[in-house]
Amino acid sequence: EFWDYPPFSAERVPTGDGDFKIYARGTQDMKIVGSCYLEAIRNLKAAGKTPTRNVYLTYVPDEEIGGDRGMKEFLKTDFFKKMNIGFALDEGIANPGPDLYAFYAERIKNQVKFTTHGTTGHGSQFIKDTAIAKLMAIGNELLAYRDVEEAKLISQYGEVTQENLGEVTTVNMNIVNGGVQANVVPESFSAVFDIRVTPHQNIAEFNDWLKSIGAKHDAEFENLGELQDGGFTDISSENKYWGVVSDVVNSMGLKTINAIFPAATDSRYLRMAGIPAIGISPLRNLPVLLHVHNEYVTESQFMEGIDFYTDLIIKLSQV
């Protein structure tokens with residue numbers, strides 16, 4: 001009901017300057033990249049070009065919910081091991097500016113739950129040692145840390161952008177549960193925090209700090225998922241694959257903005273397995289519309305993306 005066009009129709013709408021917007025759920029995240037891959041392979045086959053290395057296109061499930069049953073499991077299979085992967089391309093993100101984001105690492109997803117218990121009673125009384133008081137103390141401590149991290153970016157860069165967001169850790173309290181009646185002080189409260197930890201931070205030490213906050217306020221602490229530090233892909237001149245990515249982008253008259261991806265992608269599983277991976281999208285001069293209503297890409301960007309990947313895939317296969 002919030003879409004101007006049916007979200008799965010790929011509606012092609014003129015822009016007035018000879019281009020078209022293609023509206024559909026997932027156009028930016030990441031149907032355009034997957035479609036560009038397929039069209040690039042079609043172009044290469046039609047041109048009679050044969051890659052030196054094998055090229056695999058993988059479409060795996062559940063990336064949006066962590067990839068535990070998708071890429072993570074795929075890496076354990078004999079089929080994957082026999083592929084003998086040397087380098088991988090993965091999803092990127094649109095840039096409102098003129099150049100292409102290239103992500104060589106990503107932040108570590110650390111979603112945690114704190115549960116507090118305390119004295120209950122009637123809502124008309126001054127009751128001490130309540131569950132909500134403990135939970136608020138935890139929330140205040142974590143949100144104060146959030147403010148410090150945001151201030152770091154603003155102090156160093158002047159503003160928060162997708163380019164610099166991965167340099168720090170973000171904290172958001174996204175779920176709060178507790179209480180059964182307005183005049184009863186509840187015995188327990190819980191809150192879930194979505195924390196994205198910069199890879200510059202030691203994740204084990206950071207998680208111990210979270211546990212210490214819970215212990216200080218007499219709270220139960222739970223990690224809601226496995227902590228997965230994907231590490232970094234080398235973007236120096238020592239990495240020949242990265243050199244090819246840079247050369248192809250430069251040949252288009254563009255440059256890459258090299259950054260740490262602010263969220264999570266399947267690339268972390270590849271990097272954990274020692275496989276270099278770069279997340280890159282052909283989308284530029286477009287607003288970031290991941291997971292929002294009226295998500296779109298332009299037809300011209302789609303066609304440019306096909307040319308980009310046609311050139312990039314064959315050249316990467318020749319390294």
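Asn 239 is found in the loop that lies between β10 (219–223) and α6 (240–251), where helices (H or I, at least four residues) and strands (E, at least two) are DSSP runs numbered from the N terminus. The model is predicted, so local features need pLDDT of at least 70 and side-chain atom pairs count only at pLDDT 80 or more, whereas totals for chains, interfaces and linings use all residues. Residues are numbered from 1 along each chain as its sequence is written, and side-chain values use heavy atoms, with hydrogens and water left out.

Asn 239 has a relative accessible area of 9% and is therefore buried (buried means under 20% relative accessible area, exposed over 50%, partly exposed in between, with a 1.4 Å probe and protein chains only). Residues up to four places away in sequence not being counted, Asn 239 touches Thr 233, Asp 234 and Pro 276; contact denotes heavy atoms within 4.5 Å.

His 217 counts as buried because its relative accessibility is 17%. With neighbours within four places in sequence left aside, His 217 is in contact with Lys 134, Ala 137, Ile 138 and Glu 141.

The protein is divided into domain 1 (11–106 + 231–317) and domain 2 (108–223), with bounds that come from an automatic or database domain assignment. A distance of 34 Å separates the C-alpha centres of the two domains. At their interface, 13 residues of domain 1 are in contact with 10 residues of domain 2.

Domain 1 and domain 2 bury about 980 Å² between them, and 63% of this area is on carbon and sulfur atoms; buried area is the accessible area (1.4 Å probe) that two parts lose on being put together, summed over both. On the side of domain 1, the most area is lost to domain 2 by Phe 232, Ile 260 and Pro 262, which together account for 44% of what that side buries.

In domain 1, β4 (100–106) and β11 (256–261) each supply at least two residues of the side that touches domain 2. The largest share of that side, 4 residues, comes from β4. By class, the side of domain 1 that touches domain 2 has 11 nonpolar, 1 polar and 1 charged residues; Ala, Val, Leu, Ile, Met, Phe, Trp, Tyr, Cys and Pro count as nonpolar, Asp, Glu, Lys and Arg as charged, and the others, Gly among them, as polar.
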